[in-house]
Protein chains: 2
Amino acid sequence: MSDRFAFEVLREDPSGARLGRLVTPHGAVETPAFMPVGTLGSVKGLTPRQLDEVGADIVLANAYHLAQRPGVDTVAALGGLHALMGWHRPILTDSGGYQLMSLAELVRVEDEGVHYRSHVDGHAGLFRPEDAIRAQEALGVDVAMSLDECVASGTPRERVARAVARTTAWAARGLAARTRGATAVFGIVQGGFDAELRAESAAGLTALPFDGYAVGGLSVGEPVLETTRVAAAAVGPLPRARPRYLMGVGTPGDLLRFVAMGYDLFDCVLPTRNARNGMLFTRDGKLVIRNARHARDARPVEEGCGCYTCARFSRGALRHLMLAGEMLGAVLSTLHNLHFYLRLMREFRAALREGTFPSRAAVACGAWA
Amino acid sequence: MSDRFAFEVLREDPSGARLGRLVTPHGAVETPAFMPVGTLGSVKGLTPRQLDEVGADIVLANAYHLAQRPGVDTVAALGGLHALMGWHRPILTDSGGYQLMSLAELVRVEDEGVHYRSHVDGHAGLFRPEDAIRAQEALGVDVAMSLDECVASGTPRERVARAVARTTAWAARGLAARTRGATAVFGIVQGGFDAELRAESAAGLTALPFDGYAVGGLSVGEPVLETTRVAAAAVGPLPRARPRYLMGVGTPGDLLRFVAMGYDLFDCVLPTRNARNGMLFTRDGKLVIRNARHARDARPVEEGCGCYTCARFSRGALRHLMLAGEMLGAVLSTLHNLHFYLRLMREFRAALREGTFPSRAAVACGAWA
């Protein structure tokens with residue numbers, strides 16, 4: 001367990017939702033919290049000040065990606081990941097298990113670790129659970145993720161079971177390799193869409209002294225009812241006193257649903273990636289800014305929104321910037337979408353604080369609830 | 001002449017350099033001033049707030065480009081170019097004569113105007129000097145440029161002479177088409193690299209009641225001594241009481257040289273375009289951030305620089321962002337380079353104010369002087 005990390009459940013709602021507080025070496029984070037994705041060391045297009053302004057308290061990066069470039073030793077030489085990113089508040093890194101499986105060519109998973117060929121420069125490497133912990137400790141992050149084996153949707157049960165066993169074994173090896181008290185480590189529950197395997201994974205991991213627990217391998221293209229079923233089954237065995245992180249989720253409605261199940265942390269590329277493609281989140285639903293009907297619309301993306309984009313730019317202006325391929329279009333769209341997501345989480349927390357969850361939270365979701 | 005535009009020479013240096021002040025409907029601009037380039041309605045990657053923070057007082061956009069997309073009527077419907085850009089300080093637009101010649105296919109210049117085929121959607125159009133003025137008035141800019149005929153370097157003297165005559169005729173027609181007192185209009189001296197034709201062009205234009213005068217057709221690939229010779233010859237006939245704008249110039253050393261000749265306004269893509277390519281301006285010269293020697297350099301781009309990039313990011317971090325193709329790398333590099341240019345102009349003005357021009361200005365240029 002980390003000596004510099006703490007989690008407190010401040011209030012538990014009858015729904016199962018929790019208001020909580022993470023304490024890390026780089027400050028506290030109120031939960032439920034959404035973590036903007038900054039895979040390579042930046043939330044695409046945004047300065048740390050802009051991240052601050054949209055209300056981010058903690059961001060996500062990816063240890064596998066950073067290990068490929070600029071390299072963990074390079075980040076360490078530059079003062080660690082906080083210095084690299086110019087972001088001095090909490091950072092959580094995914095170990096990269098998922099990315100290894102989805103990006104690297106010629107991956108071969110063995111009990112020792114993952115043999116891969118880098119997607120960046122083609123070099124061959126072996127990434128072991130101990131390497132994942134050492135890399136994240138060297139990056140100096142606040143929360144590290146244990147290396148897990150992700151399997152594709154549709155994988156035969158026997159192989160999923162083997163991945164679960166391996167993920168548990170790796171979890172123990174990773175924890176044993178810890179050297180830095182300032183980095184908290186979370187285990188990742190796997191088990192595909194099989195409730196029994198999920199329970200087995202949770203049992204194995206919760207027997208280990210992790211600072212928190214994540215549920216991985218969801219939101220990989222399956223129907224939302226499947227995600228819901230598995231996430232609901234997976235949350236039960238997780239200890240109440242530790243933070244629970246549902247990886248890669250989701251839409252505003254997903255966030256509401258999974259907060260209600262008792263998940264505390266979330267990350268997703270939706271608000272940032274969709275922004276770059278011109279899909280804006282509003283209370284009334286999605287707004288496709290390239291649509292011709294916005295060309296002469298002088299209203300902001302969302303009336304009443306307090307973000308910088310809505311304060312300064314019309315739908316017509318944003319549409320023009322996106323159609324002209326101006327970088328500022330992507331920046332302004334990202335600012336708005338992250339502001340939308342992070343405002344939503346503030347509304348969720350306010351609702352939990354005042355005991356009006358989920359009704360107030362559902363209102364905040366608008367058409368997304 | 002515009003009824004809402006004024007220019008005052010506050011101090012004239014023995015070198016010929018001037019400290020001045022433009023007053024426009026959107027505020028005042030101290031000169032000499034550098035105008036960041038925002039061709040399509042944004043200085044690539046920067047929000048108006050960031051532009052403010054790097055010290056921009058006035059920005060440049062391009063009427064031809066904006067007429068192609070989103071269209072002048074659309075900009076007007078959205079409240080004008082200031083609203084489109086979210087920028088509420090002065091804007092100068094180039095009419096687009098230069099862009100028409102360099103971008104549009106199948107251009108045919110006649111006395112009536114420029115017949116062109118749009119580089120965006122291929123439509124055929126005729127852009128007359130009256131259209132240039134009407135478009136810029138409809139955009140609601142503070143300073144509009146008269147439509148000029150630019151000729152390529154190496155054009156026979158006879159054709160250059162015809163372009164000069166046409167530019168003067170167009171200037172008179174454009175002025176006659178004015179309807180909006182709030183938009184100042186500048187004439188553009190052409191004449192290639194021929195001193196006699198430059199003098200002829202200046203004589204023709206200064207006989208017309210323009211609010212200011214620009215020298216165009218330079219910095220198009222010619223040797224710097226040629227630029228210097230022509231710019232020096234062209235500045236003489238321009239009225240002392242009007243602002244003088246040297247278009248498309250230049251490096252920090254160019255700015256020093258041409259400020260000393262008595263030019264007041266400048267624009268150039270160098271700081272912004274080079275930033276996106278990873279070329280950073282520092283007092284010690286250029287810094288190519290992709291260079292391997294910066295990989296583990298924890299120093300800022302320029303020691304002592306007060307820009308946001310230098311306050312928060314190391315050379316190693318910026319190199320990583322640029323190599324990884326992260327948009328933030330381009331944003332941070334642009335912030336630094338514009339801050340460098342705009343600080344330089346502040347130093348020039350301070351030197352003129354205190355009578356230490358050009359020595360203090362040369363110190364500010366560092367290796368670029």
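Before starting, one definition: a helix axis here is a line fitted to C-alpha atoms over the stretch in contact, and the angle between two axes runs from 0 to 180 degrees between N-to-C directions. Keep in mind, too, that this is a predicted model.

**Exercise 1.** Work out how helix H7 of chain B is oriented relative to helix H8 of chain B.

*Solution.* Start with the two stretches: H7(B) covers residues 157–176, and H8(B) covers residues 195–206. Next, take the geometry: their axes come within 9 Å and cross at roughly 10 degrees. Angles under 35 degrees count as roughly parallel, so H7(B) is roughly parallel to H8(B).

**Exercise 2.** Find which residues make that contact, and sort them by class.

*Solution.* On H7(B), look for B:Val160, B:Ala161, B:Val164, B:Thr167, B:Thr168 and B:Ala171. Facing them on H8(B) are B:Leu197, B:Glu200, B:Ser201, B:Gly204 and B:Leu205. Sorted by class, that gives six nonpolar, four polar and one charged residues.

**Exercise 3.** Describe the side of chain A that touches chain B.

*Solution.* First the head count: 35 residues of chain A are in contact with 35 of chain B. Then the elements: helices H3, H4, H12, H13 and H14 of chain A each give two or more residues. H13(A) supplies the largest share, five residues. Finally, the classes: 20 nonpolar, ten polar and five charged.

**Exercise 4.** Look up the predictor's confidence in chain A and in the complex.

*Solution.* Chain A has a mean pLDDT of 96, with 99% of its residues at 70 or more. For the complex, the predictor gives an ipTM of 0.97 and a pTM of 0.97.

How values were computed: Residues are numbered from 1 along each chain as its sequence is written. Chains are lettered from A and ligands numbered from 1 in the order in which they are written. This is a predicted model: local features need pLDDT of at least 70, side-chain atom pairs count only at pLDDT 80 or more; totals for chains, interfaces and linings use all residues. Helices (H or I, at least four residues) and strands (E, at least two) are DSSP runs, numbered from the N terminus. Angles under 35 degrees count as roughly parallel, over 145 as roughly antiparallel, 65 to 115 as roughly perpendicular and the rest as oblique. Two residues are in contact if their C-beta atoms, placed from the backbone, lie within 7 Å. Ala, Val, Leu, Ile, Met, Phe, Trp, Tyr, Cys and Pro count as nonpolar, Asp, Glu, Lys and Arg as charged, and the others, Gly among them, as polar. pLDDT is the predictor's confidence in each residue, from 0 to 100.
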